[in-house]
Structure formats: C-alpha cells, structure tokens
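Here is a friendly walk through one predicted model, with a look at its side chains, its backbone and one of its sheets. Have your viewer ready and follow along.

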Amino acid sequence: LWAPVTTDRDDLLMVLRARLGAVAMADECARVMLDFVAYLQNTARVLQHPLSLRDYLVWAEFVVSLHNVMDVRAGVVHGACMVLLDGIGAQGSVFNVSMRAPATVKAECVRQLRTMTGLADMSTLGVVPSRDVGGDLASLVTRDELRVGVKPFLVETGALAGAADGFALHAPTTFDNLVKVLRAMQVGKPLLLEGSPGVGKTTLVSTLARVAGHRLVRINLSDQTDLMDLFGTDLPVDDGFAWCDAPFLQALKRGDWVLLDEINLASQSVLEGLNSCLDHRGAVYISELDREFVLSPGFRLFAAQNPLGQGGGRKGLPRSFVNRFTQVFMDELQRDDLHIICNGVYGAHESIAHVLEFNWRMHHATMERREFGSSGAPWEFNLRDVSRFMELALSASMLETGPKPVDAFVAMLYEQRMRTRSDRHHVRALFRSVFGRDLPSRTPTLHITEGTVQVGHSVLQRRRTATPTRLRALGGKLSYAESLMTCIEKRWMAILVGGAGAGKTALVRWLASVTGNRLVEFAMNAGVDTSELLGGFEQVDVQRHRSRLVGQVSELVDRLVELCEFGSDVRVQAAAHACALLQQVRRADRDALSAVVAQIVSIARESQTESMTDSLGELITAVEQASHAFGTLEAAGRFEWVDGVLVEALERGHWLLLDRANLCSASVLDRLNGLLEPNGVLYVNEDPKRTTPVVPHPEFRIIMAVDPQHGELSRAMRNRGIEICMLPSDNDECLVGDQMAVARSLGVGCELSAAVRGAEPTLTALVQTAVHAAERVQRGFPAWVDAASDSPVIMPAVHPGPLNAAVAVAAWQAQLVEFASQYVPEGVDSRVWPQRMLLAALCTVQPDALSMQSLAFQAIAKPEMSRILLLANDLAHAIVN
C-alpha cells in the first residue's frame, strides 16, 4: 500500500486543531501555519518537497508547550523558525536556497510571518539576529536551581554542578546559535547540528551540558562503527562471555545527554538501528537480550556533522532519517564575534585587533577572492587559529621573562602552512599591510644544554636518558623544528607536510632523541582501521605479557638512572644494581621473574624521595600491577583486551608519529576528534572494562606526517592541528651547510651539492648519496664527483696508481664493447653504450632514466644481460684497485 504525503488543507487543518487543543486562537494559529507553508511553496518557491506531517505535529507541540510563557502568535513564529528557518543551509533541509543567500530568504520569511500573524514587534531574540536587537547579551543567559537558558527557552538542570568558566556565550553569532539550540530543545525531538569545522558545534553542546549540570557522552561515529558499538554485545570476561552495555545504552539508561559526532560518516545500518530512539516510540529493542529499553527522563540526543561537500567519506543522510531531527545550521563566527570571545576568554591584549584583521583577510584572500593559496586549498581560518595565537601571545618561555614576539606566531600559524614560496610571499605582504612592518626572515639558533634544548623562542626540557644520535639538526630545518617544538610545548597536534625525502620523519626522530622522549612510529595505509589504533580482543599470550612487563621494568630502571644524583655513591650503586638486575629480568624464566622484579621495585622505593613521588610512584605501581597480573596469568582458552598503539602511547606518555596519515580512511582519523580538542580525552567504547575515558598522559604528544601527493586529510582533521609544510631552504649557504652536515655525520668529508644535481635535492637523496660515498671511503675507494656527467649520481673515483687510468678504461671499454655489441638496446648509440653500461652498473641514488629502463628491459628479456652486469662490476673493481 502506497501512503502518500498528507497535503490536503482540510486534513491538515483538522489535525492541527486537534493538536493545538485548548490553546487560545487555535483555529487562527492553524490557518497561519498552513498559509505560511503555502506561501513558501507557491509564492517564494523555496520548498524542495512538501512539509511532512511530523513537522506539522512538532510545530503544534511547540506552540502548546510555550503558550503559557509567550503570546500564541509569537509561538507560531518561533515554531516556524524552529521547524523551517533554523535549518536553512543544512543538508536535507526542505529549503532550496542554492540561488539566493540564506540570510535574505530568512529575512523575507520573517516579514511574511509578521504580516500573517499581525505582530507589530518582531525584534524578538531568535527571530532576528541579536546584533539588530542589541543589549547586554551576557545578562540574558540565566540559571537557577531548576532551569537554565535564555528566556523563554529554558531546559531543566541536571544533578551535576553547573559552571561556564572559560566560555563566551554572549558573542552575537554564538548567542544566536545558542538560542536556536535552546528553542529546538523545547520539544522532545533530537537535534542535528551542521556547520563548517571550527564553528563551535561540539563546544556549544558541551558548554550547554556543563552549564545545565548534565553529563555529556560524546561518541565519534565512522564507517566502521557498528550497532554493537552503540548498544553493546557479548564480550569475553573472566569466566566466559557476558553482555556488556555500550556507552549509548548506558547513557540512555542513566538519562544523560549524548552527542553523536560525525553522524554522516556512519553506515546505513547504524542509522536505521537508531530510528526507534528518534521517533514517537522512544525506545530501543535489544534482540540479544529480548528486552526493550525506554528512554530515561532527562535523556537528550544531539548529532553533529560537517557539510557533505567537505569530503572525507561523508555521505548524504536519508531524508527519512533527517526528518526525525530538528535541524540547526550553525552560522559562522564573524569578526566582532571573535573579538568579543577573545576579550572574554583572554582579556584585553594589544595584538587582538591586528590578529583578527589578519585572520579575516587571510580567509577572504584564500577562500573568497582566491588570490593565492590554491595549493593545499581549501583552508580554514577561524576561531581555532585566533585562540592559538592568543595562547602563544600570553605565554612566556621558561628562559624568557617577557612575551614572545608576534612575528614568530604569524610565521608558524600562517606562513609555514602555505605550500609554495609565492604563497608565503603573499602572506608576508598581507602581514605588512595589516601590521605596518615587514615579517622578518630569520634562521633560529640551536642551543643544547644538559637540561634544555632551545631552537629560537621554543624551549623543551631534556631528560637525562637523552642519547646521542646520528641525526643532525640542519639549518634549513630549524625554523620547522622551532614550530614543532612549540606544538610539543603547547600539546597541540602537529601536521608535517612535505614530499618524500623532505625530512619530516627525521625531524621528529631528532627532536624525540635530543629530548629523551620515546617515539612510537606507526605507518598508516589504506587497510588500517580503528582497532589497530585503539586495540581489540586477542587470545591471551604469555609472551606478550612478559614483553610488556620487561618493557615497564626497563622504563623504571631508565627513570632510576635519570633521577639518581651522581654525587651520591649510594644512589649510583643502587642504579647500577638495578641495571644488573634488569639483565636478569630479560633472561629469567616465569617462576623467577617475579622475584627479580620485586628486587628492582624495592630498590626504586628506597631511592624514592618526596620530589620524585609523582614521577616514580606511578611507574612503581604500574610495574607491581603488571608483575602480579603476570604471576596469576592463565592463558588457556581465554581472551583479553589488548590496547593499540594509540592507547598505549596515551597512557604511557610516549610520542606517537602517524606516518603517511593521509593514506588511511578519513573516518579512522575522525575517531580521534574528541582527543584533539582542548583538554580532550579518548573514549574507547569497545573495551568493556574501561568505564572512563582515557585521559592523555602529560608527556603524550601526537604528530602526523603527510605527503600531499597522495591526497589530503579531512578539513576537520586539518583544522584541529598545526600544519607545517617543510619546503627546501631557499638560502644557498644554508643548503650547502646542511649538505656538509649530512656528509660529515656519515663520515664523508666532501661537499654533496655537486653530487646531487638537477632539482632541489631532498634529504633522502643527500643521505643516500652520503652513505654511498661513505661506504666507498671505508673500502679504500675515495668518492669522486663526475662533474662532466649530467646524471645526478656519485661516480666512484679511479684511484691513481702505476697503471694509467685512461689505459685501464680503454681496455675495459674494448672488452665490454666486444661482449655487449650484440645486445645494444634500440634507440641507443652503440658508441656510448659502454659508458651507459658503466653508469647503470655503479649508480645507486638516481640512475640515468634511459639506460636504467633499457637495462631492466633487456635483463628481463635476455638473461645474457646479467653476465654484462657481472663483467661491468668486476672490471670496475679491477680499475679502482
């Protein structure tokens, strides 16, 4: 049976009269509602499809619920804003405003409502922008023991203590978005928030929950999310399997607020499974338990999504699914909003006006006028950038008494984000026009002491366990190292961008080594899923538990060595004894392992002082727990949760480098959105025993490395990190110095600039060239640069000896020509074939393209070519000897 949409006016009028009930002017209100929809459909022609019966019913319910606190006609207007106008611009909205500005359409609709309802004053908050209303917006946010909100749109308070410290709800656009959300919460329908990254969707909901005293459960969805991740499933426990509630079902039972983030990344099966929670049924049926769970009082459901056009695996939600939500399109913050927020959060600062103007001009030049920045676009310049700038401006380095210069922040947050030199010149010109001075070009200085490492204005503490490394700090990379160190200092995620061989991984390795932090590298690929980052269930493995215990004991001993006072013989002897016992731990069997670990723990407790309580006590406790668990471990037929690399790094305070992060699915990385927020945490919903979110260790840092040739990260992920594009240095002296530093670090005393010719050499090419030259020098064959060759390779030197080199080469050519004359590839001059043959046999970095391709083809087609290669190598060794 086909059930058509209810569009008959008499039918709808009958339904609305029944729903409005005893409300005064019910008949007039019903007629105004139908007349307004007819205006939108027939006169304004902005409706894409007829309004559903569910929308009419919610509109009427809104009027009934607020008829005691506002005029009924005003309730009709606010209901129209909630059902229709607040969703203009969102995906799935009933409005078609592709050819007109959404603000213009909304203003016309408000004027039409004023005419239909006969209201003289339409300057009500939530109907027109708060900028047009004026007044002290901060005073309009009220809270008492029972309700909180903006009158007349109030919500009930929860059991938790409410607070709103650090948030600025009185910015005009933020206030308008808040009123939209509060108005939509007056009915029991879920809310769907949509807006660009950085507009404040998650922050607004979390702030409102905090002010109202409700617990907010945030769940990040992706295409790998299943219904069991929301409702629960049977999971391994100590004595078999048992049902474990997932976070969504737990919040449903407790009556908490739930935020489903990135809902347009979820699969269709997950969306369909939520339908019963979103409509009039208000319940969820769990087939495994054969039980139905009704929504508890106080339960609220919010969903958030970025626009469909921003990619990253996002899908358009079905219209039937969207219709179960009240859509709220979040307006983007304007310049005056950013100014009010910065003044409210960070206080008055002399640089705020210039920074906001510069940020606004960057957005206008790159995203609207598109004057520059096409490489790497689209860009996001929003509140997150301004907030980072103000945090840097108000912070002082541990070695500096005053604030840092503003110029360094602009270079880090804006200039180094650009992918080309011409774009960076445009940023400098824009800086000159706003700040009235040139952005200085400087090369930061490197200063390393026993306790600190300083690059420019950035300073990091060094651990005593920092070890020497073959990696060298290159002058051309010091500016990027300074920015990376600032991200490490502020606990921001750094996104290193650059082609292959740009030095992204080497820079992170050097910084981790010089500061004494442990770096965990994880290479991403298209097959990586969330379980490899977060963890999963595996069969109990004794060897895995043993390796984990040994690693924790090794970390404890390293900390003892780091913290021991070398002026005290007792402490030095204790550390030495612990190091000796560590060797026994690595060799001991399972029965003797616990006793040796207990001795190390005893030494650690004796060495512990009041100043070391926090740093050493946590390690001692972790080792004791791991040792006890290993001693009582039973592996037969049992499963256990094993943390992934991300969770392990979070808890143990390691640095995590996600290499080639753009190769994996964007939905996998979007699972980390909650972690990358200020004071963010990670919810591991898949682990039934983890009832609380994972709070990052103070030393934990996350860094991503991206090669833009293989695609970009999602806009939401890029907006949560600091992009640092590592371009080669344009300073010739600095470039030559870097090449010499690479050569000397590998034992080569020659300049490599002539060895790697052609395009600007990458760090990988330099290292490979230096390694090749070093290996020749170690074998007694000094490196020699063939200046006459056009090939960007190092050629081995012909060592001068009693035999004339020219005679030797001529003799070699004669033998090779005689053997290879019948195997000359097509298109190659037979007279130069021996030289090409020698080049192909000896080059190791970037072989000549023509000779190498021809040689590879001939080697496959004719096995005799392998004899030519062998002959070429033998003769080459004979010549140099």
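## A buried aspartate

Asp86 is buried, with a relative accessible area of 2%; buried means under 20% relative accessible area, exposed over 50% and partly exposed in between, with a 1.4 Å probe and protein chains only. You will find Asp86 in the loop between helix 4 (72-83) and helix 5 (102-117). Helices (H or I, at least four residues) and strands (E, at least two) are DSSP runs, numbered from the N terminus.

The side chain of Asp86 makes a polar contact of 2.9 Å with that of Arg183. A polar contact is a pair of N or O atoms within 3.5 Å; within protein, one must be able to donate a hydrogen and the other to accept it, and residues adjacent in sequence count only if both atoms are side-chain atoms. Setting aside neighbours within four places in sequence, the residues in contact with Asp86 (heavy atoms within 4.5 Å) include Lys106, Lys180, Gln327 and Phe329.

A word on the model itself: it is predicted, local features need pLDDT of at least 70, side-chain atom pairs count only at pLDDT 80 or more, and totals for chains, interfaces and linings use all residues. Residues are numbered from 1 along each chain as its sequence is written, and side-chain values use heavy atoms, with hydrogens and water left out.

## Aromatic rings

There are 14 aromatic pairs in the structure. Rings of Phe, Tyr and Trp (its six-membered ring) pair if their centres lie within 6.5 Å; planes under 30 degrees apart count as stacked, over 60 as edge-to-face and the rest as tilted. Two of the pairs are set out here.

| Pair | Centre to centre | Angle between planes | Class |
|---|---|---|---|
| Trp257 and Phe302 | 5.5 Å | 50° | tilted |
| Phe358 and Phe431 | 6.3 Å | 80° | edge-to-face |

Trp257 belongs to strand 8 (residues 257-261) and Phe302 to strand 11 (residues 300-305), 45 residues apart. Trp257 is buried at 2% relative accessible area, and Phe302 is buried at 1%.

In the other pair, Phe358 sits in helix 15 (residues 352-368) and Phe431 in helix 18 (residues 421-435), so parts that are 73 residues apart in sequence are tied together. Phe358 and Phe431 are both buried. Ring pairs also join Phe358 and Phe431 with Phe381, Tyr414 and Phe435 in a cluster.

## Backbone points to check

Most residues other than glycine have a negative phi, and most peptide bonds are trans. The bond from Lys151 to Pro152 is cis, with omega near 5°, and Pro152 lies in the loop between strand 2 (147-150) and strand 3 (153-156). Another cis bond joins Ala377 and Pro378, with omega about 5°.

Asn679 is not a glycine, yet has a positive phi of about 55°. Asn679 lies in the loop between helix 27 and strand 21 (701-706) and counts as exposed at 80% relative accessibility.

Strand 14 (residues 452-455) pairs with strand 15 over 4 bridges, and Val455 stands opposite Ser458.

Key: Pairing = 2+ DSSP bridges.
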